[in-house]
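Work through these exercises with the sequence and the model open side by side. Try each task before reading its solution.

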Amino acid sequence: MANKKYKDPKKVITGRKTRWSFVHVWEPVKVGDDDNAKLKYSISLIIPKDDTKTLEAIENAMQAAYDEGIDKLKSNGRPAPSFKAVKKPLHDGDVDRPDDEAYANAYYVGATNQTAPGIVDLQRNPIIDRDEVYSGCYGRASITFCVYNYKNGMSKGIGCYLNNLQKASDGEPLGGMRASAEEDFADDDYDDDDFLG
């Protein structure tokens, strides 16, 4: 009898209605405020509140991460904080980003990794054109939750790590439309006869 493929309880594949924001998946960026912050690939995943399947899976994965890493959350002889009290990466957009329409009626989670994610289309073909992946498009994300304890207990909680992305559909770009160089310079009526004079 064949063994069932192991399923990591800390891993979640989000639904296709997940919207991508603050997309830094081609080049890593500095994540964190301190001088020792590392370069990481990162993305903000906006999950509609009606996607209860994804949200329930995230809650279960965070609980699994907490249960597995509870010893890591202990520091300075103190017990680990309760699951309810521990810092989590899932946030309510209506509460934490009330002025951002993209986050309305949604939860969001920030995911990072020092390793670049694999990025594919719905047929699982690699996406090479960087313009295809932008803040505002929709797709699934493979993410894993783990506990962290930095600076001898000064910063601890549950983190979210980005594994891979699968683009499902285009969406209105967040942060405004960006024109291409061809569009910007398409107007030949500009009078530059005295450019050097």
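**Exercise 1. Strand pairing**

Find which way strand 4 and strand 5 run relative to each other, and how many bridges pair them.

Solution. This is a predicted model. Strand 4 and strand 5 are antiparallel, paired over three bridges. Step one: take His91 and look across to strand 5, where its bridge partner is Tyr108. Step two: turn to strand 3. Strand 3 also runs antiparallel to strand 5 (residues 106-113), joined by eight bridges. Step three: pick out one residue pair there. Pro48 has Ala106 of strand 5 as its bridge partner.

**Exercise 2. The helix and its cover**

Compare the span of helix 1 with the expected value, then list its buried residues and what covers them.

Solution. Start with length. Helix 1 has 18 residues. From first C-alpha to last it reaches 25 Å, close to the 26 Å expected at 1.5 Å a residue. Next, burial. The buried residues of helix 1 are Thr54, Leu55, Ile58, Ala61, Met62, Ala64, Ala65, Tyr66 and Gly69. Now consider the spacing. An α-helix has 3.6 residues a turn, so residues three or four places apart point the same way. Look for that spacing in the list. Among the buried residues are Thr54, Ile58, Ala61 and Ala65. Last, the cover. It includes strand 1, strand 3, strand 4, strand 5, strand 7 and strand 8 (155-169).

**Exercise 3. Salt bridges across the chain**

Solution. The whole structure holds 10 salt bridges. Check accessibility.

Now Asp92. Asp92 belongs to strand 4 and Lys49 to the loop between strand 3 (39-48) and helix 1, so the bridge ties together parts 43 residues apart in sequence. The cut-off for buried is under 20% relative accessible area.

**Exercise 4. A salt-bridge network**

Which residues are linked with Lys10 in a network of salt bridges?

Solution. Begin with the pair. The side chains of Lys10 and Asp8 form a salt bridge of 3.0 Å, N to O. Both Lys10 and Asp8 are buried. Then extend the search. Glu68 joins Asp8 and Lys10 in the network.

**Exercise 5. A buried threonine**

Find where Thr14 lies and trace the polar contacts of its side chain.

Solution. Thr14 is in the loop between strand 1 (11-13) and strand 2 (19-30). Its relative accessible area is 1%, so it is buried. Follow the polar atoms. The side chain of Thr14 makes a polar contact of 3.2 Å with that of Thr18. A polar side-chain atom of Thr14 also lies 2.9 Å from the backbone nitrogen of Ala141. Finish with the contacts beyond four places in sequence: Thr54, Gly139, Arg140, Ala141 and Ile143.

**Exercise 6. Cysteines**

Solution. Search first: the whole structure has zero disulfides. Then check the distance. A disulfide needs the sulfurs within 2.5 Å. Cys146 is partly exposed at 27%. Cys137 is buried at 0%.

**Exercise 7. Positive phi**

What are the phi values of Phe22 and Arg124, and where do these residues lie?

Solution. Neither residue is a glycine. Phe22 has a phi near 45°. Phe22 lies in strand 2 and is partly exposed at 43%. Arg124 has a phi of about 65°. Arg124 lies in the loop between strand 6 and strand 7 and is exposed at 64%.

Technical notes:
Residues are numbered from 1 along each chain as its sequence is written. This is a predicted model: local features need pLDDT of at least 70, side-chain atom pairs count only at pLDDT 80 or more; totals for chains, interfaces and linings use all residues. Side-chain values use heavy atoms; hydrogens and water are left out. Helices (H or I, at least four residues) and strands (E, at least two) are DSSP runs, numbered from the N terminus. Buried means under 20% relative accessible area, exposed over 50%, partly exposed in between (1.4 Å probe, protein chains only). A polar contact is a pair of N or O atoms within 3.5 Å; within protein, one must be able to donate a hydrogen and the other to accept it, and residues adjacent in sequence count only if both atoms are side-chain atoms. Contact means heavy atoms within 4.5 Å. A salt bridge is a side-chain nitrogen of Lys or Arg within 4 Å of a carboxyl oxygen of Asp or Glu. Two strands pair if DSSP finds at least two bridges between them. The expected span of a helix is 1.5 Å times one less than its number of residues.
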